[in-house]
Amino acid sequence: MAQCVVALGNVQVRYGAATVLDVPSFDVFDSEIVAVIGANGSGKSTLLRVLGLLQQPTCGKVYFRSEMAKPANCFALRRRTASVLQAPLLLDSTVYANAALGLKLRGVDREQIEARLQPWLERLGIAHLAARPARTLSGGEARRTSLARALVLEPELLLLDEPFSALDAPSREALLVDLQHVLPQSQAAVVIVTHDLYEAAALADRIGVLSQGKLLQIGPIEEVLTSPVSKEVAVFVAVQNRMSAERRSPRSRRRR
Amino acid sequence: MELIWHGILKAVELLVSGDTEVWKITWLSVKISGAATLISLLLGIPLGIGLALMRFPGRGLVAALINTGMGLPPVVVGLFISILLWRSGPLGFLELIYTPQAMILAQVVIAFPIVAGLTMATFQSLDPNLALQLLGIGASKRQMVWLLCKEARLPLLAAVMAGFGGVISEVGASMMVGGNIRGQTRVLTTATVLETGRGDFDVAIALGFILLTVCFVLNYFLTHIQQRGRTQWPSVS
């Protein structure tokens, strides 16, 4: 049975009076890919930062492999995850140096870095760019470099924030196809946040719908698409045929 | 024009002939301003980083004080350091007045806000998500700060240049706390003032020329490091 990698319990993130995230429970299991979709400002990136132990929630608990995240163990637990933020955020160095950065920070020696990194550069189609300065890359190449930087760490939990944002259609399509092959090979549990249902459906085993910081529904793709729990979810997952209806109990029918 | 030409020739003559006093003055200037810049970097860079990355009560006030300090008049710094170090002053027991150490102290007060202010501005101009991204691939907080420093190395080198340039060229504070004592606290700027006062314009110009050369050599070296591998802007027709 698949083990829970990360779990949230009654997590809230508040900025002053505004609650930007309010998630009573959320679990991600071994080797599964969960996509969380939502409009801009729905709290997706905040959710990802909380899951990646990059932001402490205002209240609630985050469990990583059943171990509660606390300031004392946060760094050690965070090193078992890898986050890829929305922009590639590469350093002013070569593609190889950028992709190797996470391993270098962990003190992995040069030969091991090369042995581990080369297959990922090849899988992501950027091996030929290894010596190129990162600032000369196209958007798609930079995005692939940032993905290689995270995947080479072989994390237990991989968090991807809008991995296809700001890419042109061909680059986006090509990266989507590559990720469909690459993500299952990584063995990591993956959480992707996106506003695009098509990307989410193409990659994920389960989909969650987030709106105004609340997780409205989470479940297998078919379930969310065919049985949205509310009109808001139905609108977001683009259910075309929506009809207003009133639900009545059998007793009220008899009274009529 | 002739005066300037004579001054340049005199400078070359003084340096080539190995004039001991000129070399001593030049070396002392570099030592004092170099030490002051180094101390300013050690104090100013961490403070600048702290002000840019951390939030704490009074942060705005400290930042405003640092920014004000970037334009401190050296002569006012000299005045207050003199009062502090004067025999009857609160730090008079240290017996530092008219010593190179007093000059270093005054120059640190001048250069430290420049370094701290420029470091703060440099770090604030970096993408805040970069720090988060570095933590997200497993950097410790210390590693994150070090990587941000490396990323900001070009403007940080500008802070070094501005700090050193500010102190090696100041005269007011050095004169007031150093006293321009021959062989002990006489530096290029104070010696230039002295020679000008005496009417020895060719020697004054020679000293000024040496000062400019020292600044140029150091800045050429730092600029070379700074501009190596910089992003090329596209040429605009």
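## Confidence

Chain B has an average pLDDT of 90, where pLDDT is the predictor's confidence in each residue, from 0 to 100. In chain B, 96% of the residues score at least 70. The model's scores are ipTM 0.89 and pTM 0.82.

This is a predicted model, in which local features need pLDDT of at least 70, side-chain atom pairs count only at pLDDT 80 or more, and totals for chains, interfaces and linings use all residues. Residues are numbered from 1 along each chain as its sequence is written, while chains are lettered from A and ligands numbered from 1 in the order in which they are written.

## Where chain A meets chain B

Contact is a matter of distance: the C-beta atoms of two residues, placed from the backbone, lie within 7 Å. By this rule, 20 residues of chain A are in contact with 15 residues of chain B. Four elements of chain A each supply at least two residues of the side that touches chain B: helix H2 (74–78), strand S6 (81–84), helix H3 (95–105) and helix H5 (139–151). H3(A) gives the largest share, 3 residues. Helices (H or I, at least four residues) and strands (E, at least two) are DSSP runs, numbered from the N terminus.

The chain A side divides into 11 nonpolar, 3 polar and 6 charged residues. Here Ala, Val, Leu, Ile, Met, Phe, Trp, Tyr, Cys and Pro count as nonpolar, Asp, Glu, Lys and Arg as charged, and the others, Gly among them, as polar.

## Two domains in chain A

Chain A is assigned domain 1 (4–80 + 157–255) and domain 2 (90–154). Such bounds come from an automatic or database domain assignment. Taken over C-alpha atoms, the two domain centres are 27 Å apart.

In chain A, 9 residues of domain 1 are in contact with 9 residues of domain 2. Helix H6 (residues 169–186) supplies the largest share of the domain 1 side, 5 residues. That side has 6 nonpolar, 2 polar and 1 charged residues.

## Helix H4 of chain A

Helix H4 (residues 110–123) of chain A has 14 residues. From first C-alpha to last it reaches 20 Å, close to the expected 20 Å. The expected span is 1.5 Å times one less than the number of residues.

H4(A) has a kink of about 30 degrees at A:Leu117, shortly before the proline A:Pro119. The bend is the angle between axes fitted to the seven residues ending at a residue and the seven starting there. A:Leu117 is also buried, as are A:Trp120 and A:Leu121; buried means that 20 or more other C-beta atoms, placed from the backbone, lie within 10 Å of the residue's own. The buried residues of H4(A) pack against H3 and H5 of chain A. After H4(A) comes A:Gly125, with a positive phi near 70 degrees.

Definitions and conventions. A residue is buried if 20 or more other C-beta atoms lie within 10 Å of its own, exposed if 12 or fewer, and partly exposed in between; C-beta atoms are placed from the backbone.
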